[in-house]
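Please work through the exercises below with the sequence and the model open beside you. Each task is followed by a solution that goes step by step.

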Amino acid sequence: MNMEEVIEVTAPKAKSKDTTLGASRPENAGLAARKATTDDAAELLRGVPGVTVNGAGGISSLPAIHGLADDRLRIQVDGADLQPACPNHMNSPLSYADPTRIESVTVFSGITPVSVGGDSIGGSIQIKSAPPEFATASAPFIAGGRVGSFYRSNGDALGYDLGATTALRWLNVTFVQSDSRSDNVTAARSFKPVAPGSEGGAPIPGDVVASSAYRGTLKRSLALALRADGDLLQLEASQQKVGFEGFPNQRMDMTANDNRLLTLRYTRTRAWGDLEARLSFQDTQHEMNMGPDRYSYGTGMPMDTEAKTWGATIKANVILPDRHLLRVGAEYQYHTLYDFWPPVGGSMGPNTFWNIDYGERRRIDAFAEWEARWTRSWLSLVGVRSDTVMTDAGPVQGYDDALPAWGADAAAFNASQRRRVDYNWDLAALARYTPDPAQTYEGGYARKSRSPNLHQRYPWSTNAMAALMNNLVGDGNGYVGLVDLRPEVAHTVSVTGDWHDDAQAWWDVKATAYYTHVQNYIDARRCDFGQCSPENATATNSFVLLQYVNQAARLYGLDLSARRLLNEPRSWGGLTASAALNYVRGDNLSTGDGLYDIMPPNATLALVHELGTWISTAEILAVASKSHVSRVRNELQTGGYCVMNLRSSYEWKFVRIDAGIENLLNRFYFNPLGGAYVGQGPSMSTASIPWGVAVPGPARSFNVALSFKFHS
Ligand SMILES: [Cu+2]
C-alpha cells in the first residue's frame with residue numbers, strides 16, 4: 001500500500017498483488033525488451049511516471065524522481081544500500097546492478113513510507129533479482145541455466161550474460177555472470193569541431209561523443225540459499241568490475257573500479273508476520289585518470305578512492321488484529337572513504353593530494369509504521385523514523401603545502417572542526433480511498449531528511465584544477481565543499497487519482513500532483529574566496545567554481561498517464577495505446593534561480609501489439625525545450641525534440657529474441673539531462689575546453705538480443 005509502481009521486468013504475467021495502485025501494465029513489454037539490450041540498469045526506469053534519467057557514463061546513468069536525483073533518492077539493489085565512492089559519483093548504486101538479473105523494479109514516487117525511506121528527500125527505488133527457487137516433493141531436483149547476448153549498432157556495443165541454478169527442496173545454489181563493452185557512441189550529426197582529443201592523437205570526428213566508451217564491465221555473483229519451513233538463509237558473494245568507463249560530462253574517466261559485496265540475509269515467515277535480518281559488507285577500489293580521448297599532460301592524473309561500507313538491518317512486519325499491520329525496524333551503516341591523488345610531478349607533487357582522508361559517515365536509524373485497513377474502502381499509513389548521521393574527515397594535505405596553490409586551503413581545513421552529527425527525523429502519513437472498483441484516490445504528507453554526503457562537506461581546495469575534479473552532477477564546473485552544510489529537509493504533499501474499468505482490463509487513467517518544499521536544499525553559490533578569481537563571481541558564459549550551500553527550494557509537478565486496450569484480443573492479437581505526460585518545475589527560493597537538471601515537459605505516446613509471447617512496441621517521445629535553468633551553474637539550455645523507437649520480442653520455450661531500433665528517424669538532439677560536454681581535449685582547467693556544448697543524445701541504433709534458457 002502506498003504510491004508505488006512495481007514493474008515486472010520479466011515477461012508479462014498475472015497481476016501481482018503488490019501492484020495495487022499505479023501499476024504500469026502496458027509498458028511492461030517495452031521494459032522487458034529494454035532490459036535485453038541495455039547494460040545500464042537506470043535505463044529500465046525510463047517510462048515510469050515521474051522518473052527521469054540523468055546522463056553520466058555508459059553504464060551509470062543517475063535516476064531522478066520528480067526532479068530529485070542521485071543520493072537524494074534511496075536506491076537499494078537486492079536490499080543493499082550501495083555507496084558510491086568517487087568525487088564524481090561514477091560508481092553509482094545502479095551501476096553495480098546487472099540488468100539481466102533484475103526481476104522487479106519498485107519505484108516509490110509520491111509519499112514514501114518511512115519503512116522504505118530514510119536518509120533521502122525524494123522517492124525510493126528498489127531493484128530485486130529473482131528470489132531463490134526450491135524443488136518440490138514431486139520434482140525433488142531442479143537445474144536451470146541461461147545464456148544471452150546483445151548487440152547495439154551505435155557504439156558497436158556487445159555483451160553477454162550467463163547463469164546457472166540448481167536446487168533441492170532445502171538448498172539453492174545460483175551463479176550469474178555478465179560482461180559488456182562499447183565504443184564511443186555517435187550523435188546524429190556533428191556537434192563540435194573535428195579535433196584530436198589527446199596530444200598528437202587522431203582527430204575525433206565531429207559526431208562522436210568522446211569518452212563515452214566502456215569495457216570490461218564484469219559482474220558475477222555466487223548465491224547460496226537454505227530453506228527450512230518458513231525460514232530462509234541467503235549468502236551471496238559478488239564482484240562488479242569495470243575495466244574502463246568514459247564520462248563525456250566529467251573531466252576524468254573511470255580507469256578501473258573493483259567492487260566486492262558480501263551479504264547475509266535471514267528471513268522468517270510465520271503466522272504473526274515476518275522478520276528480516278541482513279548484514280552486508282561492500283569494499284570498493286576506484287581509479288580515475290585521463291582516458292584516450294583527453295590530454296594526458298605527459299603524466300596523466302591518477303585519482304584513487306577506497307571505500308568500505310558495513311551495513312546491518314533488522315525489520316519485522318507484524319500482523320495485528322482487524323487487518324492492521326505494524327512495521328518496525330532498525331538500520332546501521334558505517335562508511336569509510338579515502339580519496340587521494342598520487343603525485344605526478346611539478347606543482348602536483350612531491351606528495352599525495354588528499355581530497356578526503358579518513359572520511360567517515362555513520363548512520364543509525366529506527367522506524368515504526370502502522371498500516372490500518374479501516375474498511376474495504378479506507379486505508380491509512382502513518383510512520384515515524386529517526387535517522388542519526390555522523391560524518392567526519394581527517395586532516396588533509398595538498399601536493400606540496402609549501403606552494404600557495406595548496407598550503408593555505410589545507411591549513412584552513414585542518415584548523416576546522418569537521419565532525420558533524422545530524423539528528424534527522426522523518427514522518428509520513430497517507431490515506432487511500434477506494435469508493436468502488438473503478439476508482440482509487442490516495443494522498444498524504446511526508447517530512448523527509450537527508451544529511452550531506454562526504455563529497456559535499458569535505459572537499460577543501462579552491463584551486464581550480466582540484467575543484468574541477470569534484471563534481472557530482474556533470475555540469476563541467478568545479479565544486480568546493482562546506483563543512484557547515486546542514487541536512488536537507490523536504491516537506492511533500494502529493495495526491496493521486498486512478499480511474500479504470502472495474503476489471504482493470506480495458507483502460508485506466510492516472511494523475512499525480514505533488515509539491516515539495518525543501519529547507520536547506522544543497523544548491524551552490526559562486527566561489528568568491530581562496531583562489532577563486534573576481535570574474536568567477538559574475539561569469540555567464542564559462543565554466544565556474546562553486547561552493548555547496550544550503551538554500552530554500554521548491555519542486556512541483558504533475559504526472560499523467562493513460563492506457564486503453566483498443567480491441568478485444570483476437571487471433572491477430574491485442575492492441576493497446578498509452579500516453580504519459582510529465583511536468584516538473586524546480587526553483588531556488590533563496591535566489592530565484594532554477595534548479596539544476598530538471599527535465600522539461602515531455603510526453604510519450606506508445607502503441608503496443610501483443611499476440612501470445614510476441615510483443616511489439618512503437619513509441620514517440622516528445623520533449624519541450626529547456627529554458628528554466630540553473631544560472632549559478634551556467635547550465636545550458638536545450639531545444640525541443642521528438643524521438644521514435646521500435647521494439648519487438650518473441651519468446652519460445654527455450655529461446656527469446658529481442659530486436660529494436662532506437663531513434664528510428666535518426667534525429668539529432670541535445671539531452672536536456674546530459675550535462676556539459678567535456679569529453680575530449682585538455683580537461684584540467686576551467687577555460688581550456690569550449691564552454692556551451694551540451695552532451696547530445698545518441699544517433700539511431702539497431703539493437704538485437706538473443707537468449708537461451710533451460711529448466712528441468
Ligand atoms: Cu571517479
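The structure is a predicted model, in which local features need pLDDT of at least 70 and side-chain atom pairs count only at pLDDT 80 or more, while totals for chains, interfaces and linings use all residues. Residues are numbered from 1 along each chain as its sequence is written, and side-chain values use heavy atoms, with hydrogens and water left out.

**Exercise 1. Identify the protein donors of the copper ion, and state whether His 286 and Met 288 are buried or exposed.**

Solution. Begin with the definition: donors are N, O and S atoms within 2.8 Å of the metal (3.2 Å for Na, K and Ca), and sites may look incomplete because water is not among the atoms. By this rule the copper ion has Cys 86 (SG), His 286 (NE2) and Met 288 (SD) as its protein donors, at 2.0 to 2.2 Å. Next, read their spacing along the sequence, which is C-x199-H-x1-M. Finally, apply the accessibility classes, where buried means under 20% relative accessible area, exposed over 50%, and partly exposed in between (1.4 Å probe, protein chains only). His 286 is buried because its relative accessible area is 1%, and Met 288 is likewise classed as buried because its value is 2%.

**Exercise 2. Describe the largest nonpolar core and the surroundings of Trp 341.**

Solution. A nonpolar core is a set of buried Ala, Val, Leu, Ile, Met, Phe, Trp, Tyr and Cys residues joined through side-chain atoms within 4.5 Å. The largest such core holds 37 residues, and those touching the most other members are Met 301, Trp 341, Tyr 399, Trp 406, Met 465 and Met 469. Elements giving two or more residues to this core include β20 (324-341), β21 (353-373) and α2 (407-415), helices (H or I, at least four residues) and strands (E, at least two) being DSSP runs numbered from the N terminus. Now turn to Trp 341, whose contacts (heavy atoms within 4.5 Å), leaving aside neighbours within four places in sequence, include Met 301, Phe 353, Tyr 399 and Met 469.

**Exercise 3. Classify the ring pairs Tyr 338 with Trp 354 and Phe 668 with Phe 670.**

Solution. Rings of Phe, Tyr and Trp (its six-membered ring) pair if their centres lie within 6.5 Å, and planes under 30 degrees apart count as stacked, over 60 as edge-to-face and the rest as tilted. The whole structure contains 21 aromatic pairs. For Tyr 338 and Trp 354 the centres are 6.4 Å apart and the planes stand at 75 degrees, so this pair is edge-to-face. Tyr 338 belongs to strand β20 and Trp 354 to strand β21, 16 residues apart. For Phe 668 and Phe 670 the centres are 5.0 Å apart with planes at 85 degrees, and therefore this pair is edge-to-face. Phe 668 is buried at 18% relative accessibility, whereas Phe 670 is partly exposed at 24%.

**Exercise 4. Trace how strand β31 is paired with β30 and β32.**

Solution. Two strands pair if DSSP finds at least two bridges between them. Strand β30 (residues 602-611) and strand β31 (residues 614-623) run antiparallel and are joined by 10 bridges, with Thr 604 having Leu 621 as its bridge partner. β30 and β31 form a hairpin with 2 residues between them, and Gly 612 in the turn has a positive phi of about 60 degrees. Strand β32 (residues 641-651) is joined to β31 by 10 bridges, also antiparallel, and here Trp 614 stands opposite Tyr 650.
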